[in-house]
Amino acid sequence: AMAVDSSAGEYRAGDQVWLRKVEPNDYGRALNRDVLAPRPGGRFAFGRMIDRQGQRVALLPPGIGQRQVVIDNPPWLGVAEMLVRKL
């Protein structure tokens, strides 16, 4: 699960996004879905997976005016499965 700290795009502060781990050979199924991807240095990127070329994936972060993030050879992706929002 991923907790949202500040509002961005369709996600509000306090939301929880539940993710399903996907291995590299299943990345094609994650196209046009929101994903969490590990980056070097213990960081992560979250956004809509808009492209895949070989082992590279391109993510478009939520929000207006964001630039795409390209990640080379991520070992796994977390595909957003459920959004939990408190009333």
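The legends below accompany close-up views of a predicted model.

**View 1**

**View 2. The surroundings of valine 35.**
When residues up to four places away in sequence are not counted, valine 35 touches Ala30, Ala45, Phe46, Gly47, Met49, Leu59, Leu77, Gly78 and Val79.

**View 3. Aspartate 34 and its polar contacts.**
Aspartate 34 lies in strand β3, and this residue counts as buried because its relative accessibility is 11%, with the limit for buried residues set at under 20%. The side chain of aspartate 34 makes a polar contact of 2.4 Å with the side chain of tyrosine 11, and a polar contact of 2.8 Å joins the side chain of aspartate 34 to that of arginine 48. With neighbours within four places in sequence left aside, aspartate 34 is in contact with Glu10, Tyr11, Phe46, Gly47, Arg48, Gly78, Val79 and Ala80.

**View 4. Glutamate 10 in its loop.**
Glutamate 10 belongs to the loop between β1 and β2 (16-22), and this residue counts as exposed because its relative accessibility is 54%, with exposed residues defined as those over 50%. Leaving aside neighbours within four places in sequence, glutamate 10 is in contact with Asp15, Asp34, Arg48 and Arg85. Glutamate 10 and glycine 63 are 53 residues apart in sequence, while their C-alpha atoms are 7.8 Å apart in space.

**View 5. The largest pocket and its lining.**
The largest pocket has a volume of about 220 Å³, and of the 14 residues that line this pocket, Met2, Ser6, Ala8, Phe46 and Pro62 are the closest to its centre. The strands β1 (2-3) and β4 each supply at least two residues of the lining. Sorted by class, the lining of the largest pocket consists of 11 nonpolar, 2 polar and 1 charged residues.

How values were computed
Residues are numbered from 1 along each chain as its sequence is written. This is a predicted model: local features need pLDDT of at least 70, side-chain atom pairs count only at pLDDT 80 or more; totals for chains, interfaces and linings use all residues. Side-chain values use heavy atoms; hydrogens and water are left out. Contact means heavy atoms within 4.5 Å. Helices (H or I, at least four residues) and strands (E, at least two) are DSSP runs, numbered from the N terminus. Buried means under 20% relative accessible area, exposed over 50%, partly exposed in between (1.4 Å probe, protein chains only). A polar contact is a pair of N or O atoms within 3.5 Å; within protein, one must be able to donate a hydrogen and the other to accept it, and residues adjacent in sequence count only if both atoms are side-chain atoms. On a 1 Å grid over the protein atoms alone, a cavity is a set of points where a 1.4 Å probe fits but cannot get out, and a pocket is an open set with protein on both sides within 12 Å along at least five of seven lines; lining residues have an atom within 4 Å of a point. Grid points are joined across faces, edges and corners, and a volume is the space filled by probe spheres set on the points. Ala, Val, Leu, Ile, Met, Phe, Trp, Tyr, Cys and Pro count as nonpolar, Asp, Glu, Lys and Arg as charged, and the others, Gly among them, as polar.
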